[in-house]
Amino acid sequence: MCSGLGLENIRIYPRVLVLDVLPPGWSAVRSVLCEALSNVLCLGAATALPGERLSVYTVRERHQCLLPLLEMKGNLCRLLRCLSAVQAIPTEGCRRVKNSALSVAVLESLQQNKQRMQHSSSGATSRGCFVEVTVVSPRSGCELMRDLDDGLKYADLGTLRRLLVLQISSEQEQNGSTESPPELSSHVYDIDLHVVPPNVLSLEIFLKSWLLEHNVEKDKCHLVFPEGASELEVMCDVSLPLLNPGLLHGEEGEVYPRESDMAAGTGATQAWKVIRAVSSSGVCGSLIYGLPAILTPTACWELDWDQLEANQDTFHALCHCLQSQQLSLIAGCTQRRSSSSSPVQSHVLVSSSGSAALLLRPLAVRELVLLMKVPPLPPTMADDALHRVQGVLRSLEADPIYNPLQMSSNLCQHLQEKLLENPRHHVSSGPSRQVLNPSGKARATIAPLQFVAPSSSKRGCMVNDSPSPKRRRLRDKEDGSP
């Protein structure tokens, strides 16, 4: 399915996690944050793509690099050792942190990546120089954004692709706060602020989206309707709602059944031509296969606001009509694998989801169907069997909807045991190294930062989904455009 959607070329950017471990807030979030990180790092070590790297900093009296930029694939041992060092950080007995500690950690992460690229044997690429940084803290988002704004206002943030702030705060703390809500952007950079409650599930959801989502930009597709009284074309963004089970494979067996169509990435925009409509109740579930995809109205930065609003209105009208008329769409896309081969047409089912999104699923065609004769259900049932089954069904707890968050497969513990049995050793290139401090704990050392003289013209380039001239310039620089 993903190849049909044009999801082939994957963009990978190094990620940096900056943990604010300053008491007294650290004591309230340490256990839930470490548990969530443990589960997410297990998934990351199993499903990470080649070249996907992570670095971890902590900020207390000062900043400290616990994990230099490390390739995640097969390095679960080192990731868990880093997490153990985070868990061992005391929850009290600390002086007030300097306001510049967070910003210095961000700047050092940029410096670390520059050094890694300079020492890389494969050479630096335009997109490999960009870094995504996430600051996690129980402190107020307003306070964090002010500290970052003050510390980064004279820095060169040209290689900072994305800066997020995750505030871990309970609902009572948010309601009891008299502080005004933070602005959506700072003076030096667009800082994305997210607030989550202090529980493992909420933190896992955010961290998985941040760490396991390989693309900041959404993949794009167009729904093109047949020519009629008026032409209709809907531009959509495509996102996968599930972690790809096909990536959870080890050298000694499979965790989940393999599917041949599982891959992820970013590719060219695909045009799906709508062929016909079909009743939503008339599609058998056995004819739908592979991973689904979620379609939402595009937020492409290349379009102006009028185009975005008009496309969004058309998309919402399409969702309403499909849902009210209980219809689904069958769409096709012709693909040519090579110039000498015959084209192959892939088919998908586009159906309403009961919300402002459409569900796209691969649909079986004649060549794939294995015909089998299934007898119809008999009109009468044996009374004893019917009563016995009815009694069993009445004893079951019935849910109005299926909530996957209530179902767990013990996957993270299984992956941790499996990956720790046969760790894959990677030799990381670059100037970063680890030394033992007097307490016996490993600590990463990075070459000192080379600070530049303050200059009002040095501003960070904003990279986000919303259109702006500054974001366009950075994307042109990233793609190598003149």
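How many cavities of 30 Å³ or more are there? The count comes to two, where a cavity is a set of points, on a 1 Å grid over the protein atoms alone, at which a 1.4 Å probe fits but cannot get out. Rolling a probe the size of a water molecule over the atoms shows where empty space is left. The largest cavity holds about 100 Å³, a volume being the space filled by probe spheres set on the points, with grid points joined across faces, edges and corners. Its lining consists of 13 residues, of which Leu17, Leu37, Leu41, Val56 and Cys82 are the closest to the centre; a lining residue has an atom within 4 Å of a point. Strand 1, helix 1, strand 2, helix 2 and helix 6 (200-212) each give two or more residues to this lining. Helix 2 gives the most, with four residues. By class, the lining of the largest cavity has 13 nonpolar residues, no polar and no charged ones; Ala, Val, Leu, Ile, Met, Phe, Trp, Tyr, Cys and Pro count as nonpolar, Asp, Glu, Lys and Arg as charged, and the others, Gly among them, as polar.

This is a predicted model, in which local features need pLDDT of at least 70 and side-chain atom pairs count only at pLDDT 80 or more, while totals for chains, interfaces and linings use all residues. Residues are numbered from 1 along each chain as its sequence is written, and side-chain values use heavy atoms, with hydrogens and water left out.

Helices (H or I, at least four residues) and strands (E, at least two) are DSSP runs numbered from the N terminus. Six strands form an open sheet in the order 3-2-1-4-5-6, with mixed pairing. Strand 3 (63-71) and strand 6 (191-196) stand at the edges with a single partner strand each, so one side of each has no neighbour in the sheet. On average, neighbouring strands of this sheet are turned by 15° against each other, direction ignored. Helix 1 (residues 25-47) packs on the sheet and touches strand 1, strand 2, strand 4 (131-137) and strand 5 (160-168), contact meaning heavy atoms within 4.5 Å. The direction of helix 1 makes about 155° with that of strand 1; axes are lines fitted to C-alpha atoms, for helices over the stretch in contact, and angles run from 0 to 180 degrees between N-to-C directions. Helix 2 (residues 76-87) also packs on the sheet, touching strand 1, strand 2 and strand 3, and its direction makes about 165° with that of strand 3.

The table lists strand pairs; two strands pair if DSSP finds at least two bridges between them.

| Strands | Sense | Bridges |
|---|---|---|
| Strand 1 (residues 15-20) and strand 2 (residues 53-59) | parallel | six bridges |
| Strand 12 (residues 293-297) and strand 15 (residues 357-362) | antiparallel | three bridges |
| Strand 14 (residues 344-355) and strand 15 | antiparallel | six bridges |

Leu19 stands opposite Thr58 in strand 2. In strand 15, Leu358 is the bridge partner of Leu295, and Arg361 stands opposite Leu349. A hairpin through one residue joins strand 14 to strand 15.

Two backbone features lie in loops. Pro23 and Pro24 are joined by a cis peptide bond, with omega about 0°; Pro24 lies between strand 1 and helix 1. Gln326, in the loop between helix 7 and strand 13 (327-335), has a positive phi near 55°.

The chain averages a pLDDT (the predictor's confidence in each residue, from 0 to 100) of 76, and 71% of the residues score at least 70.

Terms used
On a 1 Å grid over the protein atoms alone, a cavity is a set of points where a 1.4 Å probe fits but cannot get out, and a pocket is an open set with protein on both sides within 12 Å along at least five of seven lines; lining residues have an atom within 4 Å of a point.
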